[in-house]
Structure formats: C-alpha cells, structure tokens
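Morning, everyone. Please bring up the model on your screens, and I'll walk you through it.

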Amino acid sequence: MNTLLFLLQKEYRQIFRNPTLLRMILAIPVIQLTILPLAADFEIKNINVAIVDYDRSTYSRDLVHKIESSGYFVLVDYNGDPKASFGYLESDEADVIIEIPEGFERNLVRENHEELFLSINAINGTKANVGGGYLSQVIQDFNQEIRADWVFRKPNKRSAIAEMVTINRFNPLLNYQFFMVPGILAILVTMIGAYMCALNIVKEKEVGTIEQINVTPVKKHLFILGKLIPFWTIGVFVFSIGLFLVARLVYGIIPVGNVLLLYAYLSLYLIAVLGVGLLVSTYSQTQQQAMSLAFFFMMIFILMSGLFTPIEGMPAWAKFITQLNPVTYFIEVMRMVVMKGSSFEHISRHFAIMLGFAIFFNSWAVWNYRKTS
Amino acid sequence: MKQLFIFIKKEFKHVFRDQKTLLLLFGLPIAQILLFGFALTNEIKDSRIVVADYAGDGASQQLIERFRQNDSFVLEQSLLGADDIDEVFKQGIVKLAVVFPEQFEKSLIHEGKAQVQLIADATDPNTATTLTNYAQAIMRDFQVSYLGTASNLQIEVVTRNFYNPELRGTTNFVPGVMALVLLLVCVLMTSVSIVREKELGTMEILLVSPFNPLMVILAKAVPYLILSIINLTVILLLSVFLLDMPINGSIPLLFAVSTLLIMTALSLGLLISNSTNSQQEAMLISLMGMLLPTMMFTGFIFPIENMPVPLQVLSNIIPSKWYYIIVKDVMIKGLGFAAIWKETLILFGMTLFLLVVSIRKFKTRLA
Amino acid sequence: MTGEVAISTDKLTKRFGDFVAANEITFDVKKGEIFGFLGANGAGKTTAMRMLCGLSIPSSGQATVAGFDVYRQTEEIKKNIGYMSQKFSLYEDLTVWENIRFFAGIYGVPRSEIAPRAKEKLRQLGLYHQRNQLVASLPLGWKQKLSFSVAVFHQPEIVFLDEPTGGVDPVTRRQFWDLIYEASDQGITIFVTTHYMDEAEYCHRISMMVDGYIKALDTPTALKQNYGAESMDEVFFELARGAQRKGD
C-alpha cells in the first residue's frame with residue numbers, strides 16, 4: 001500500500017510538471033467536443049436542384065413550386081439550357097436535375113400516366129439515396145394531390161386514405177447533435193486514456209528509467225496500478241468537463257438517466273481501455289511503435305464502434321468485430337443512459353461484458369510486462 | 001548529393017526495421033479500405049421492429065405481410081402499450097414499433113381514413129428517419145394496391161444515378177480514405193521521427209555534421225514520400241480489383257496531385273516537429289488533434305454543405321478536403337486538370353506556406 | 001572481510017540465439033569486497049551483471065546473489081541489492097529530493113527514516129542546496145553521484161554499478177570512488193564494471209572478460225605479477241589482444 005502511494009505521488013508529480021502536455025490533454029477534447037458535433041449532420045438539406053421544364057403547364061409549375069417550398073431543395077436553375085444543366089452536375093453546382101417532358105400535363109390527364117426524369121449525382125451514395133427519396137416523396141405527394149383533385153371532380157370514386165403517424169421518441173426534434181455529442185465524448189476520453197497511458201510507460205522504457213524500477217522489489221501489478229490510477233483520474237476529469245461544461249452549456253444536453261450509473265460505467269470502461277494502452281506499451285520498445293500500434297487499433301475501434309455509421313447495416317462478420325470492440329459498448333451505454341434514461345437493468349449485459357474486457361486486457365498486460373527478460 | 005543518399009538510406013532502415021510502424025503504414029490503409037468497402041454503410045438492413053396489431057383484420061394483416069417481406073425489417077409481433085415500447089427501446093435492440101389501432105380496416109372503409117402509429121427510437125435520428133421512410137414507402141404501395149387507384153394519373157419517376165449507378169458507399173469512401181490515410185500517416189510519421197531525434201539528442205549530431213540542416217530534413221521526408229506513394233498504389237489497386245472502383249480519369253494526374261498532398265502533409269509534419277519538444281506533444285497534436293477533425297472535415301462522412309457556415313469556413317484549412325474534391329473529380333468523374341486547377345492551387349499554396357513557416361522556425365532555432 | 005560469500009556463480013551462460021554473450025562464467029564474490037568486472041565494450045559485462053540483478057534470466061549455469069537463486073528468486077534478490085545502470089536512469093523531471101524519496105519509498109524504507117537520512121546523504125554529497133532542482137538541470141557528474149546514493153540508500157547487501165563513471169572528469173571520478181569506499185566500509189559488497197584501467201587498481205579483486213569468457217581473476221597486484229606487467233593497462237592489452245568481438 002505504501003509502495004503504491006509512492007508510485008502515485010511520483011506519477012502525479014510528473015504529470016503536473018509538464019504544463020504544456022497537461023494543457024493539451026484538456027484543451028484538445030474540449031475544443032473538439034465543442035466543434036465537431038456541429039459538423040456531424042447526416043440530415044440532407046440544401047439539395048441543389050436544376051429543373052428543365054419542357055412543358056410549362058399548370059401542373060409542371062405547381063410541381064416546381066412544391067419542390068421549392070418543401071424546404072429540402074434549393075433551386076439553382078430553372079428552365080436553363082439543358083446542356084448547361086448537366087454541366088452543373090459535373091461541377092457539383094447541382095445535385096439533381098429534374099426534367100419535365102413536353103406534354104407532361106396533357107399526357108397525365110389523357111393517358112393517366114407520364115414519366116418524369118431525375119439525373120442524380122450519386123458519388124455520395126447515401127446522399128443520392130436520401131435526396132432522391134425526398135424528391136420522390138415530394139413528387140408522390142404532388143401526385144396524391146392532383147389525384148385527389150381529380151377524384152374530387154368525379155365524386156363517384158370511393159376514397160380511402162391510410163396514413164402513418166410517426167412519433168419520434170427520446171429525440172423528438174431529430175437533433176443529430178444529441179446523438180453525436182455522447183459518442184464523440186466517448187471517443188475523446190478513450191483516446192486520451194489509451195494514448196497517454198501507452199506512451200507514458202514506453203517513454204520510461206526509452207529513457208531507461210524503467211530498468212531502475214525493474215531492479216527494485218516493486219511488484220508488477222503495483223507498478224501497473226501506479227500507472228493506471230493517474231490516467232484513470234484524468235479520464236474521469238476530462239469526461240466530467242465534457243459532460244457538465246461542453247455538453248450541457250453548448251448543446252443543452254442533460255442526461256435523462258442516472259449520472260452515477262454513467263460514472264460507474266465510465267470507471268469500468270476506463271480500466272478496460274487503460275488496459276489496452278498498457279498492453280500496447282508492453283509490446284512496444286519505442287514511443288513511435290506504441291503510437292503506431294495505438295493509432296492502428298484506435299482507427300479500427302472508432303470505425304467499428306457505430307459512432308458514424310449504424311452497426312445494423314453491417315454484414316455479420318463486421319458485426320462480430322463490433323462485439324469485440326470495447327468502444328462499441330461505451331458509446332451505446334452513453335447514448336442509452338444520456339438520451340433514453342436506460343437503467344442498470346437495461347445495461348447489465350454491457351456491464352458484464354466490460355468487466356470481462358477490463359479483466360482480460362489488464363491481466364494480459366500484467367502477464368506480458370516483464371521485469372525480467 | 002551522395003551524402004543525401006546515405007541519409008535517406010538510414011531513414012529507410014529505421015522504418016523497415018520496425019514492424020509496428022510498418023503495420024501502421026501499410027496495415028492501416030488496407031484495413032480501412034476493407035472496412036469501408038465491406039462493413040461501413042449507412043444502409044439499414046434487418047432492423048428489428050415490433051408490430052403491435054390491435055386490429056387483427058384483413059387490412060392490417062396485409063400490411064404486416066408487406067413489412068415482413070421487406071428486407072429492411074425483421075418482425076416481432078407482440079401487443080405492447082406505449083410504456084412497454086419505451087422499455088423495449090431502452091434496451092437498445094429494437095428501433096421501431098408499428099401500432100395498428102383497433103378497427104383499422106373498418107375506419108379505412110367506412111370513414112375513408114385510418115391511422116397507423118409508427119413509434120421510432122430517435123436517439124439516432126438518421127436510423128429513425130431511414131426506417132420511417134421505408135415504412136412510409138410500404139404504406140404508399142399498400143394504399144395504391146388496396147384502393148386499386150394505381151392507374152389514375154400516375155407520375156412515374158425515372159431516375160438515373162450518375163457516376164455511381166448502384167449507389168455504393170465505396171465510391172464516396174475510397175477517395176476519403178485516400179485523403180485520410182495519406183494526410184494523417186505522413187504528418188504523424190514525419191513529426192514524430194524528427195522530434196524523436198531531437199529528444200534522443202541525435203539531431204544535434206546531425207546538425208553539427210557538415211551537412212546542410214535542410215538536407216537533414218529532406219532526408220527525413222523522402223522515405224515517407226516514397227512509402228506514401230507505394231501506399232497510394234496499394235489503395236488504388238485494392239479499390240480497383242477488390243471493390244470494382246473505376247479510375248475514369250488520368251492516372252498520372254492522380255499520382256501528381258497525390259504527391260502534392262503528401263508534400264503538404266510532410267510540411268505540416270515538419271511544422272509540428274519544429275513547434276514541439278517531445279514525441280508525446282507531437283503525437284498529441286498530430287493524432288489526437290487531427291484524427292477526428294480530418295475525418296469529419298474532409299467531407300466524406302458528413303457533407304460539408306450541411307455544416308454551419310463558420311465550420312464550412314473552418315473546413316477550408318483542412319488539406320484533405322481539397323484533395324478529396326480533386327480525387328472525386330479525377331478518379332470518378334474522369335475530369336481533367338481544367339476542372340481541378342483551383343483546388344490544386346490551394347493545396348500548393350498551403351504547402352508553400354507551411355514550408356516557409358517551418359523553415360523559418362527551424363532557422364531561428366539554430367540561430 | 002568475513003569470508004562469507006555474497007555472489008556465487010557456476011558456469012553461468014546467456015545466449016541470444018547463436019550469440020553467446022556470457023560463456024560459463026564462474027566466480028565468487030565475498031561479502032564486503034569491491035569486485036571489479038573488467039572487459040572491453042561488448043565483452044559481456046553488462047549481460048552478466050543483468051543476470052545477477054534479476055533483470056535477465058540465464059540460459060544455463062547456476063548463480064546465487066545474497067543467497068538467492070537467480071532463476072527462481074529474482075524478486076528476493078531485488079530486495080537485497082542496489083543497481084546503477086550504465087545509462088543515467090533517475091527521473092529527469094523530478095527534483096533531487098523527489099527522486100530519493102521515491103526510490104527509498106518503493107524499496108520500503110520506513111517513511112519516518114527517509115527525510116532525515118536523505119538530508120544527511122545530500123549534505124554529504126554537497127547536493128543539499130540543489131535538492132529542489134530538477135535532476136535534468138544537474139551536471140553529469142552530480143547526476144552519477146546522485147544515482148549512486150539512490151542505489152545504496154536502502155542499505156542493500158550488494159550494489160551493482162554498471163560503468164558508473166563513464167563520461168565524467170577525473171576529479172569527480174575520484175570523489176565517486178570515495179563514495180564507493182565509504183559504502184564498502186559500511187559492509188556493502190560492491191560489484192562494479194568499468195573499462196578505466198586505473199579504476200581497476202582501486203578494486204580488491206578483478207576479473208577480466210574477453211568475448212564472453214572470464215580470462216583472468218585475481219587481485220590487481222597478483223595479475224600484474226602474473227603477466228609481468230607494470231600497470232593494469234598492460235594486463236588488459238595482453239588479455240584482450242586475441243579478442244574477436246569488436247567494441248561498439
């Protein structure tokens with residue numbers, strides 16, 4: 001116990017003696033958490049549309065008006081030269097070109113059927129899909145309207161409208177930031193913890209001080225505990241600033257669920273993640289190696305955590321990888337507790353798995369840390 | 001010149017002797033291409049939904065059957081109340097509930113109107129919107145067939161998707177991965193390897209040698225330049241042969257602009273190494289400081305035009321954003337230099353600026 | 001000198017792949033002795049020393065340090081020795097005082113004893129006024145002396161010094177050896193590697209390592225006699241002439 005206190009005292013002294021590093025550890029997460037969620041927005045709006053109207057009828061003008069007033073689209077060109085319109089697609093000035101053929105209204109009324117042509121810039125498949133979807137919906141609505149109008153004029157026809165009413169729970173305004181802030185905070189805390197911890201031990205290796213420790217009777221697990229606890233407190237501190245200052249003041253996010261539950265999970269998670277950092281350090285001789293390893297795994301952890309893209313869409317093998325990724329569980333818990341107010345019963349599985357990770361990584365790290373070669 | 005060669009050889013040896021660095025240099029791009037190519041997508045398949053059918057009549061059965069046949073959904077039927085649904089959402093597995101009220105068909109026929117409730121877990125707004133859109137589409141189809149009004153005044157939308165007819169995510173991601181990997185890996189490697197020499201004191205030895213200090217820096221940069229070009233080749237080969245990506249434009253042009261981005265990255269790495277004193281600081285800046293912003297401001301995950309204006313302005317200082325635009329134009333749209341000269345000029349300007357600033361810093365340090 | 005054995009090795013060997021860094025080394029070091037371990041760079045001195053300190057497990061052979069086995073009881077050994085490595089390895093970003101406190105603490109020196117003893121030690125070294133300076137700011141010679149004080153602060157039975165005086169001026173080296181004698185007078189066994197031949201003369205007994213083997217082991221006087229040499233330098237040249245390994 002005494003030994004551990006000496007180890008801790010030394011670690012904290014070293015951390016506080018390097019103000020540049022300390023400032024970076026605090027500033028980088030705060031700045032990023034403040035800015036990045038604002039940038040993360042999948043909601044597709046401001047889709048640039050160029051319309052080539054060969055018909056110029058009441059219907060075609062109504063349709064253009066409907067598209068314009070839907071709020072998703074910006075009309076960049078109406079009735080310009082058809083060739084120029086395609087040029088807009090090439091230069092990214094337009095995302096969609098709508099072509100309304102000549103005789104649109106006439107054919108629709110007489111033949112009950114007419115085509116409409118969309119040319120979409122589909123490099124971004126998602127955007128094309130969603131944008132095209134919105135446009136189809138607007139066109140469908142328009143179709144319904146004129147149909148209803150038509151039916152109204154022929155009162156014999158029966159009408160029956162089945163509609164869906166959507167209720168969005170937990171985030172009624174579909175605010176994407178509410179979803180991203182907990183996720184990004186989770187990633188930032190992870191990076192700080194894992195990198196700093198991995199680099200710190202390797203630095204002792206590189207400078208040679210670790211040999212002086214290895215020749216003392218200090219127990220391996222005490223030495224590792226001495227490294228773990230300081231970075232654990234830094235992680236908790238950074239997390240608290242993120243949650244209570246940035247998330248609350250900048251984004252107005254107040255956790256719906258129990259904050260203590262969140263901290264309980266954070267505590268366990270940090271132990272697991274620091275274990276990964278320790279593990280990386282035991283396999284590295286230089287800081288450059290540790291950084292390379294940590295960067296490699298961090299990148300995969302981030303991509304496979306469901307932070308940016310939903311896990312549901314992944315193939316089975318990829319889903320399996322996400323199950324082996326501690327970050328996945330933390331992001332899930334963050335979002336569940338902060339946004340939905342999930343309680344311990346809902347996330348008990350997450351607790352059990354994280355406990356497993358924590359034990360696994362730390363035992364591996366202690367086992368692989370050699371005082372003797 | 002011969003001395004420069006010796007230095008470059010030494011740097012290559014450093015890199016190749018270290019498997020972990022090689023893992024990062026070559027493993028990362030390969031892993032990213034594989035993940036983005038095969039695992040990461042915004043599409044949603046097999047999403048588990050709960051259906052609560054209080055009607056149990058012909059119309060609701062028909063509609064449920066349509067849900068069942070849709071690839072996006074995996075159905076689970078149970079009669080849940082609103083509170084129960086929240087409870088299910090809190091466990092985080094089910095993301096959507098469809099509730100049919102009693103007498104659904106009756107109201108539809110007699111009153112000409114009936115409602116189905118869609119209750120979505122909107123924690124992830126993107127998933128929620130996508131799922132409700134899918135459900136709405138099913139509803140529209142149902143209505144058209146149920147009422148038999150399909151033939152009335154039907155506007156049929158004919159869509160042509162340019163550049164990416166199958167709407168694959170990879171077309172968008174591959175240029176993004178190229179930008180991300182080339183920029184981050186180069187910045188990280190150069191900044192750290194130079195600061196490392198400072199930290200270990202070997203930099204002083206090099207600086208007192210009769211060698212021009214700028215040559216020392218150049219020798220540090222050349223191996224990473226070469227490795228990055230190899231890297232780029234690997235990424236391109238993988239995307240063409242594994243992901244069936246097209247290269248519609250000029251390959252030499254693609255390599256030329258990529259080399260320019262690598263130079264930008266090397267200059268940035270140089271600047272970071274000249275502004276920090278320890279590997280830890282250099283890594284914090286080039287990793288923690290750059291990883292997420294580069295991912296987000298390049299524009300391949302989140303569209304830049306969606307961001308608030310100040311952030312759109314901010315995104316202009318991220319070199320990979322410009323490179324991403326260039327790669328999309330050249331590789332996918334098959335455009336020539338005329339289409340990308342502006343972006344190229346910006347990258348060139350950035351490189352020059354970074355180089356001048358870092359050489360200034362380097363010189364004052366020596367003086 | 002009591003005649004009790006502090007370190008005893010029997011055919012101690014360390015291989016790294018095909019390379020035999022230390023080949024069947026056999027010797028005894030008596031309690032309280034100053035035992036010099038000489039050899040050119042790359043002769044295997046550091047390897048041998050690291051095995052005795054429990055930092056490296058031998059490939060074959062036997063050895064005990066302070067009565068403990070180097071295979072099974074490395075942690076017991078570590079409680080009874082002090083070690084000063086070739087590379088300066090105290091914490092540069094801690095002060096003189098903090099370094100002493102830290103190492104004393106993890107060696108289990110009782111809290112109440114640390115401060116008075118550290119004070120006395122620093123006064124003795126003439127470092128008391130610098131006690132709140134960062135170690136990074138000290139000149140090399142002082143760092144070495146501080147390192148030594150840290151290595152013997154917990155009063156170990158044996159202290160291992162790996163080229164402790166590398167790179168320091170002759171005056172400081174002289175002072176350093178005064179510290180060694182002082183420790184020896186307190187009954188601490190000293191095991192020291194060096195390649196300064198004048199320092200060899202200060203040792204009670206020395207062994208000469210060439211290419212992983214111990215080529216000679218005796219008192220300095222006896223060695224000079226045996227080889228008919230005027231100084232240890234000559235003895236060393238005589239022995240090292242046939243060396244295969246080049247120093248690095």
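Let me start with a term. Two strands count as paired if DSSP finds at least two bridges between them. By that rule, strand 1 and strand 2 of chain C pair, in the antiparallel sense, over 8 bridges. One note before I go on: this is a predicted model.

Stay with that pair. Find Leu12(C), and look across to strand 2 of chain C: the bridge partner there is Ile25(C). Now go to the hairpin that joins strand 1 and strand 2 of chain C. It has 2 residues between the strands. Gly17(C) in this hairpin takes a positive phi near 65°.

Next, strand 4 of chain C, residues 60-65. It pairs with strand 1 of chain C, residues 5-16. The pairing is antiparallel, over 5 bridges. Ile7(C) has Val65(C) in strand 4 of chain C as bridge partner.

Now the whole sheet. In what order do the 4 strands run? The order is 2-1-4-5 in chain C, and the sheet is open, with antiparallel pairing. Strand 2 (19-30) and strand 5 (68-69) of chain C stand at the edges. Each has a single partner strand, so one side of each is left without a neighbour in the sheet.

On to chain B, and a helix pair. Two packed helices are described by the angle between their axes and the distance between the axes. Helix 7 of chain B covers residues 170-200, and helix 14 of chain B covers residues 319-332. They pack at an angle of about 135°, with their axes 9 Å apart. That makes helix 7 of chain B oblique to helix 14 of chain B. The crossing is right-handed.

Who meets whom? From helix 7 of chain B, the residues include Pro175(B), Met178(B) and Leu183(B). From helix 14 of chain B, they include Tyr323(B), Val327(B) and Lys328(B). By class, this contact has 11 nonpolar, 3 polar and 1 charged residues.

Last stop: chain A against chain C. Here 20 residues of chain A are in contact with 23 residues of chain C. Which helix of chain A gives the most to the side that touches chain C? Helix 1 of chain A does, with 7 residues. Helix 1 (2-16) and helix 8 (209-214) of chain A each supply at least two residues of that side. By class, the side of chain A that touches chain C has 5 nonpolar, 11 polar and 4 charged residues.

That's the tour.

Methods. Residues numbered from 1 in each chain as written. Chains lettered and ligands numbered in written order. Predicted model: local features only at pLDDT ≥ 70, side-chain atom pairs only at ≥ 80, totals over all residues. Contact = placed C-beta atoms within 7 Å. Nonpolar A, V, L, I, M, F, W, Y, C, P; charged D, E, K, R; others polar. Axes fitted to C-alpha atoms, helices over the stretch in contact; angles between N-to-C directions. Parallel < 35°, antiparallel > 145°, perpendicular 65-115°, else oblique. Left-handed = near helix turned anticlockwise from the far one by under 90°.
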